[in-house]
Amino acid sequence: MPEILEIEAYRQLAARTVGRTVDDVVAPDPWFLKDGIDASTLRAALVGRRVGGVRRIGKLLLIDLDDGPTLGLRFGMTGRLIVDGVAAIDALEYGPARDDPAWERFRLVFADGGALAISDPRRLGGVLLDPDESRLGADAMTVTPEQLAAALHRSTAPVKARLMDQARLAGLGNLLTDESLW
């Protein structure tokens, strides 16, 4: 189940795409495209643009395109990132131990022949165009003690619920929160 640690591994792998030009967008699963976007909208926004940078906020992977939009990738519980045929993580704790081509939900094809793809058997992830980053709290990997105190302050919710609230603290899921509280 991808949490901040897995998404950081995805960010590191996705960094291989910086400087490459998007040649095509393959989105065979319209449900995987969020906020009303469709494959033709993504093609119009992305094709011909170069990847300028890759970053992460919590569990959201962000691909910034030169002179263009930001592509947001979410991985749900079973999504995996694959760049040029290489997976950042071979298997997830609660995901299947095999691959199936039918699970590919999204692919950026680069002019040099390589690709960035998302494989997600359960279809719980998604692709966003210019996601609202302001909806996320401080990143759990770089949170300061002051930011953590502010995220946990003024709530009657259980500590676990506050830690998992992505608007308060971005990146923690069930596994990391349970381990942290144990």
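So, a pocket, on a 1 Å grid over the protein atoms alone, is an open set of points with protein on both sides within 12 Å along at least five of seven lines, and its lining residues have an atom within 4 Å of a point. Keep that in mind, as we start with pockets.

Quick housekeeping. This is a predicted model, where local features need pLDDT of at least 70 and side-chain atom pairs count only at pLDDT 80 or more, while totals for chains, interfaces and linings use all residues. Residues are numbered from 1 along each chain as its sequence is written, and side-chain values use heavy atoms, with hydrogens and water left out.

Okay, the largest pocket. Its lining includes Lys34, Asp35, Leu60, Arg74, Asp130 and Arg135. The space in there comes to about 260 Å³, where a volume is the space filled by probe spheres set on the grid points, joined across faces, edges and corners. Which class of residue do you meet in that lining? Six are charged, four nonpolar and two polar. For those labels, Asp, Glu, Lys and Arg count as charged, Ala, Val, Leu, Ile, Met, Phe, Trp, Tyr, Cys and Pro as nonpolar, and the others, Gly among them, as polar.

Next, the second largest pocket, at about 190 Å³. Among its lining residues are Ile82, Asp84, Asp99, Glu104, Arg107 and Ser119. When I say helix or strand, I mean a DSSP run: H or I over at least four residues for helices, E over at least two for strands, numbered from the N terminus. By class, this lining has five nonpolar, five charged and two polar residues.

There's also one cavity of 30 Å³ or more; a cavity is a set of points where a 1.4 Å probe fits but cannot get out. The largest cavity holds about 50 Å³ of space, and Trp103, Leu92 and Arg98 are among the residues lining it.

Now helix α2, residues 39-46. Ala39, Leu42, Ala45 and Leu46 are buried there, meaning under 20% relative accessible area with a 1.4 Å probe and protein chains only; exposed is over 50%, and partly exposed is in between. Down the axis of α2, those buried residues fall within an arc of 130°, so they line one face of the helix. That arc is taken from the directions from the helix axis to the C-beta atoms. What do they pack against? Strands β1, β3, β4, β7 and β9, with contact meaning heavy atoms within 4.5 Å. Just after α2, glycine 48 has a positive phi of about 90°.

On to strand β2, residues 51-57. Five of its seven residues are buried, so the rest of the structure largely encloses β2. β2 runs antiparallel to β3, with six bridges joining them; strands pair if DSSP finds at least two bridges between them. Glycine 53 sits opposite aspartate 64 in β3. The two strands make a hairpin with two residues between them, and glycine 58 in the turn has a positive phi of about 60°.

Most residues other than glycine have a negative phi. Aspartate 35 isn't a glycine, yet its phi is positive, about 60°. Aspartate 35 lies in the loop between β1 and α2 and counts as exposed at 68% relative accessibility. Arginine 154 also has a positive phi, near 55°, in the loop between α3 and α4, and at 75% relative accessibility arginine 154 counts as exposed.
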